[in-house]
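Q: Can you walk me through this one? I'd like to go through the side chains and then the backbone.
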Amino acid sequence: MTDLSAQRRYAEDAAVALSGIGLPPAYGKLLGWLLICDPPGQTSSQLAEGLGLSKGSVSTGMRLLESSGLARRVPAPGRRGHAYEVRPDAIIRIAADAAKFRVFRELMEQGLAVIGGEEAPGSERLRVMRDFYAFIEREVPKLVERFESEYTGKGEGDG
């Protein structure tokens, strides 16, 4: 087996961790790499070479990372085209978006209506999930606000 750099091992570990929650391995590798790479902006070629991925895998993975809001395109200094980087506050921005929790809560409410309401046989799983998503929808924005307040109070926030 080829001896991998610590950075490449980290990216591989990220792929394993995220594939455990159903995400494609390339997505995890790319996210892991972009979290630790130097320089922070990497072109598709740099990502493919650094991670041993095909350009197609990089393209597909980066589209997923961009659409999820974790990565963004930036100018590639001294090169034609663009590079990709992870926003320092990307995960905070994603977590603060209560709309995705609302979508799941509403889906559970719709399911309850389909099966005949809150007291219908088999409704417990929908009620529990609906109540969980309602809780998350309500509480996560408060947690994000608290984190930002505490983090900014340390003088380390990027904004």
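Q: Is Arg8 buried or exposed?
A: This is a predicted model. In it, Arg8 is buried, with a relative accessible area of 19%; the cut-off for buried is under 20%.

Q: Where does Arg8 lie, and what is it in contact with beyond its sequence neighbours?
A: Arg8 lies in helix 1, residues 6–19. Leaving aside neighbours within four places in sequence, Arg8 contacts Trp33, Gly50, Leu51 and Gly52.

Q: Which residue forms a salt bridge with Arg8?
A: Glu12 does, with the closest N and O atoms 2.9 Å apart. Both residues are in helix 1, four residues apart, about one turn of the helix. Glu12 is partly exposed, at 22% relative accessible area.

Q: How many salt bridges does the structure hold?
A: It holds 13. One of them joins the side chains of Arg105 and Glu109, at 3.0 Å from N to O.

Q: Where do Arg105 and Glu109 lie?
A: Both are in helix 6, residues 99–115, four residues apart, about one turn of the helix. Arg105 is buried at 16% relative accessible area, while Glu109 is partly exposed at 34%. Salt bridges with shared partners join Arg102, Arg105, Glu109 and Glu137 into one network.

Q: Changing topic: how do strand 1 and strand 2 run?
A: Strand 1 (residues 71–75) and strand 2 run antiparallel, joined by five bridges. Arg72 has Glu85 in strand 2 as its bridge partner.

Q: How many residues of strand 2 are buried?
A: Four of the five residues in strand 2 (82–86) are buried, and the strand is mostly covered.

Q: What about the hairpin, which residue takes a positive phi there?
A: Gly78, with phi near 75°. The hairpin has six residues between the strands.

Q: Where's the cis peptide bond?
A: The cis bond joins Asp38 and Pro39, with omega about 5°. Pro39 is in the loop between helix 2 (25–36) and helix 3 (44–51).

Q: Last one: which residues make the nonpolar surface patch of about 260 Å²?
A: Tyr10, Leu35 and Ile36 make that patch. Ile36 is in helix 2 and is partly exposed, with a relative accessible area of 33%.

How values were computed. Residues are numbered from 1 along each chain as its sequence is written. This is a predicted model: local features need pLDDT of at least 70, side-chain atom pairs count only at pLDDT 80 or more; totals for chains, interfaces and linings use all residues. Side-chain values use heavy atoms; hydrogens and water are left out. Helices (H or I, at least four residues) and strands (E, at least two) are DSSP runs, numbered from the N terminus. Buried means under 20% relative accessible area, exposed over 50%, partly exposed in between (1.4 Å probe, protein chains only). Two strands pair if DSSP finds at least two bridges between them. Patches are made of residues with over 30% relative accessible area and no salt bridge: like charges are joined within 9 Å, nonpolar side chains (Val, Leu, Ile, Met, Phe, Trp, Tyr) within 5 Å. Accessible areas come from the Shrake-Rupley method with a 1.4 Å probe; for residues, only the protein chains shown count as cover. A salt bridge is a side-chain nitrogen of Lys or Arg within 4 Å of a carboxyl oxygen of Asp or Glu. Contact means heavy atoms within 4.5 Å.
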